[in-house]
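Morning, everyone. Let me put the model on the screen, and then I'll walk through a few places in it.

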Amino acid sequence: MVKIGNIELGEFPLLLAPMEDVSDPPFRAVCKDNGADLMYTEFISSEGLIRDAIKSRQKLDIFDYERPVGIQIFGGDEEPLAMAAQIVEATNPDLLDINFGCPVKKVVCKGAGAGILKDIPRMVSLTAAVVKATKLPVTVKTRLGWDDNTKNIEEVAERLQDVGIKALSIHGRTRTQMYKGSADWTLIGKVKNNPRIHIPIFGNGDISTPEQAVAARAKYGVDGIMIGRAAIGYPWIFREIKHFMKTGEHLPLPTVLERVQVCKKHLQQSVSWKGDVVGILEMRRHYTNYLKGLPHIKEFRQQLVTLKTLAEIEEVLDAIVIQYKDHIFDRTTPQVAVNDFLPANDNTAGCNVYG
C-alpha cells in the first residue's frame with residue numbers, strides 16, 4: 001500500500017499531473033471516472049493567492065468526488081509560500097504540492113518553478129517553510145536538475161525528505177530540456193532505490209502506453225507513475241494501464257460513442273464551471289485528442305473550434321457518432337497528439353504540461 005501521510009493510494013497509484021490550463025475540475029472529473037488515483041490542481045501562484053486574484057482563487061475549487069486531490073502552489077519567497085499554504089489548508093484538500101518543475105521563462109525568472117534548481121539550499125528552505133506552515137501532507141514535484149551538469153536530484157530528494165515532505169514526483173528531464181528529447185528515468189530509479197529514501201517516489205515523463213508503465217515499474221521500482229500529456233483528451237489511459245498491469249492484456253480501445261460521451265461530459269462540466277463563453281473556448285484545445293484516429297475529421301473539428309453554443313457543438317458531436325459509427329480504432333496509431341500541448345519555446349506564457 002502506497003501512502004502519502006495517512007492517504008492510502010493503493011498498491012501502484014496512477015497520478016494525474018498538474019497541468020496549467022488543463023488540469024481543471026472538468027478535466028479532473030473525466031480522469032477520475034477512468035481510474036486516476038490522485039489528482040492535482042493547476043499550479044497556483046502564491047502571490048496571486050495572497051492578492052486574492054480571481055483566477056488564483058478559482059483554481060482552489062475542489063470537489064468531494066475528486067478525492068484524494070492535492071492543490072499545487074508555486075513561488076520563490078518563503079513568506080508568500082507559507083501564507084499561501086495556510087490559505088490552501090483552509091480549502092481542505094488532501095495534500096499540498098510545491099511546484100519546483102515548471103520550466104517556462106516567466107516562472108523561472110522569478111526564482112520559482114524549475115528556477116529554484118539553481119539554488120538547492122533555497123529550495124530546501126522554501127520547502128521547510130511550507131511544511132512548517134501547514135498540517136497538510138506536503139509533496140514536491142521537480143526535475144532532474146537545471147541542466148546536464150547539475151543533475152542533483154539524489155541530493156535534492158534526501159534534503160527535501162529531511163525537512164518533511166511526504167512524497168516526491170520527478171519529471172525525467174532537466175530545466176534546459178524543457179519538453180524536448182526523451183525523459184531519462186535512470187536517476188528517478190536511483191532516487192527510489194536510495195536506502196535513505198523512505199517516502200514514495202513517483203516517476204513522470206513520456207508514459208503514454210500500458211507497456212511503458214509496466215516497464216517503468218519493473219525497471220526503476222517507482223511507487224507509482226504520474227501521467228500528464230497522455231491523458232489529455234484520452235483519460236482512458238488510467239484504466240488501460242491498470243487493466244494491463246492486472247491481466248497482461250489490453251482493454252478494447254474506446255469506441256467513437258464512448259469518446260464522444262466523455263467529450264460531452266467534459267464540455268458540459270467546463271461550461272457549468274466556467275460559464276458559456278470561457279467554458280466553450282477553453283474546451284477547444286481538447287477536441288484533437290478526443291477525435292484522434294478518425295479519418296477526414298478536419299471539417300468536423302473545424303466546426304467544433306468555431307461554434308459558440310453548447311447545443312451547436314453537441315449537435316456536431318452527435319453527427320460524428322453517426323458518421324463514424326462503424327470505425328474501428330487501430331492500436332498502432334498513437335491515441336494522443338501530445339505535441340499539440342507542448343510549450344512552443346522558453347517564452348511560453350503558461351506552463352502548459354508536465355508529462
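Which helix holds Thr-247? Thr-247 is found in helix α10, residues 237-247. Helices here are DSSP runs of H or I with at least four residues, strands are runs of E with at least two, and both are numbered from the N terminus.

Ground rules first. This is a predicted model, where local features need pLDDT of at least 70, side-chain atom pairs count only at pLDDT 80 or more, and totals for chains, interfaces and linings use all residues. Residues are numbered from 1 along each chain as its sequence is written, and side-chain values use heavy atoms, with hydrogens and water left out.

Back to Thr-247. Its relative accessible area is 37%, so Thr-247 is partly exposed. The cut-offs: buried is under 20% relative accessible area, exposed is over 50%, and partly exposed lies in between, with a 1.4 Å probe and protein chains only. A polar atom of the Thr-247 side chain lies 2.8 Å from the backbone oxygen of His-243. A polar atom of that side chain also lies 3.0 Å from the backbone nitrogen of Glu-249. Now go back 23 residues along the chain to Gly-224. The C-alpha atoms of Gly-224 and Thr-247 are separated by 18 Å.

Next, helix α4, residues 78-90. The rule is 1.5 Å times one less than the number of residues. Pro-80, Leu-81, Ala-82, Ala-84, Ala-85, Ile-87 and Val-88 of α4 are buried. What do the buried residues of α4 pack against? The list is α2 (46-50), α3 (54-58), β5 (69-74), β6 (95-100) and α6 (120-133). Just after α4 comes Asn-92, with a positive phi of about 65°.

Take β5 from that list. Gln-72 lies in strand β5. Buried or exposed? Gln-72 has a relative accessible area of 0%, so it is buried. Its side chain makes a polar contact with the side chain of Asp-97, at 2.8 Å. The Gln-72 side chain makes another with the side chain of Asn-99, at 3.1 Å. By polar contact I mean a pair of N or O atoms within 3.5 Å; within protein, one must be able to donate a hydrogen and the other to accept it, and residues adjacent in sequence count only if both atoms are side-chain atoms. Leaving out residues up to four places away in sequence, Gln-72 touches residues including Pro-18, Phe-43, Ile-98 and Lys-141. Contact means heavy atoms within 4.5 Å.

Now a loop. Thr-174 sits between β8 (167-171) and α8 (186-192). Thr-174 is buried, because its relative accessible area is 0%. Beyond its neighbours within four places in sequence, Thr-174 contacts Arg-143, Leu-144, Gly-145, Trp-146, Asp-147, Asp-148 and Lys-151.

On to helix packing. Two packed helices are described by the angle between their axes and the distance between the axes. Axes are lines fitted to C-alpha atoms, for helices over the stretch in contact, and angles run from 0 to 180 degrees between N-to-C directions.

First pair: α11 (residues 256-274) and α12 (residues 276-283). Their axes come within 7 Å and cross at roughly 140°. The contact residues include Cys-263, Leu-267 and Val-271 of α11, and Val-278, Ile-280 and Met-283 of α12. The contact divides into six nonpolar, three polar and three charged residues. Ala, Val, Leu, Ile, Met, Phe, Trp, Tyr, Cys and Pro count as nonpolar, Asp, Glu, Lys and Arg as charged, and the others, Gly among them, as polar.

Among the contact residues are Pro-26, Phe-27 and Val-30 of α1, and Val-262, His-266 and Trp-273 of α11. This contact divides into seven nonpolar, three polar and two charged residues.

Last stop, Trp-273, in helix α11. Trp-273 is buried, with a relative accessible area of 18%. Setting aside residues up to four places away in sequence, Trp-273 touches Asp-24, Pro-25, Pro-26, Gln-58, Asp-61 and Phe-63. How far apart in space are Trp-273 and Asn-92? They are 19 Å apart, C-alpha to C-alpha, and 181 residues apart in sequence.
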